[in-house]
Amino acid sequence: MTGHLASFLKLFLGNGGSRLPALPRLLSGRLPFYYGWIVLACLCCAGFSRQGPAVATLSIFVDPLTREFGWSRTALSGAVSLGGVLAALASPLIGPAVDRHGARLALCLAVLVTGITMMLLSLTQSLLVFYLLFCTARMNWAGPFDLGIYSGVSNWFVARRAFATSVATVAQMAGLVAMPLIAQLAMREHGWRGGWLAIGRSPC
């Protein structure tokens, strides 16, 4: 089982560094267009899905959380600030890892961690648990996503780098618009816990 998993990861993620993994190497010679556009589409999906821990998304949950637990708005906003500080501390460590292993692994882990932490927020019963989960997601939002998305664009585009960067940014802004709406729609039917579940499932 472990051997099959290792082969799967090697196929899609490669061995790190600049070596192209097996699947992209296979497709790049068969496609009628530049393989970098597929990479850009994947980066756009990652950028869209990153917005679960955004402030705009959290704002949808402020009222129901304060009503149910009596938490102050200051306490909730403190999780955003602490997550940003943690991201600032972690980014210098993440950057060399992205240089060494590439953006693929960083973004795969970022999407996975964001999805899991957002869904686990639906089980929140205390402010401490909320801080642990949301700060992890927020650190992820401000660190691996930024480093992975824009390093991926830079690695695959030179002449059209500005255009590719703008497309990736538009995808992220689209996620920033969509995630609060997804949360609000889910909360109408299933409450705030259902809202976190909907946000967490969006990256998947």
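**Exercise 1. Determine whether Phe61 is buried or exposed.**

Solution. The relative accessible area of Phe61 is 0%. Buried means under 20% relative accessible area, exposed over 50%, and partly exposed in between, with a 1.4 Å probe and protein chains only. Phe61 is therefore buried. Trp196, also at 0% relative accessibility, counts as buried.

The model is predicted: local features need pLDDT of at least 70, side-chain atom pairs count only at pLDDT 80 or more, and totals for chains, interfaces and linings use all residues. Residues are numbered from 1 along each chain as its sequence is written, and side-chain values use heavy atoms, with hydrogens and water left out.

**Exercise 2. Classify the aromatic pair of Phe61 and Trp196, and state which helices hold the two residues.**

Solution. A pair of aromatic rings is described by the distance of the centres and the angle of the planes. Rings of Phe, Tyr and Trp (its six-membered ring) pair if their centres lie within 6.5 Å; planes under 30 degrees apart count as stacked, over 60 as edge-to-face and the rest as tilted. A search of the whole structure finds ten aromatic pairs. In one of them, Phe61 and Trp196 are 3.8 Å apart centre to centre, with 5° between the planes, and the pair is stacked. Phe61 belongs to helix α4 (residues 55–69) and Trp196 to helix α9 (residues 161–201), so the pair ties together parts that are 135 residues apart in sequence. Helices here are DSSP runs (H or I, at least four residues), numbered from the N terminus.

**Exercise 3. Classify the aromatic pair of Trp71 and Phe130.**

Solution. The centres are 5.7 Å apart and the planes form an angle of 50°, which is a tilted pair. Trp71 lies in the loop between α4 and α5 (73–101), and Phe130 in helix α7 (residues 127–142), so this pair ties together parts that are 59 residues apart in sequence. Trp71 is buried at 12% relative accessibility, and Phe130 is buried at 1%.

**Exercise 4. Describe how helices α3 and α6 pack.**

Solution. Two packed helices are described by the angle between their axes and the distance between the axes. Helix α3 (residues 36–49) and helix α6 (residues 103–120) pack at about 30°, with axes 10 Å apart. Axes are lines fitted to C-alpha atoms, for helices over the stretch in contact, and angles run from 0 to 180 degrees between N-to-C directions. Angles under 35 degrees count as roughly parallel, over 145 as roughly antiparallel, 65 to 115 as roughly perpendicular and the rest as oblique; α3 is therefore roughly parallel to α6.
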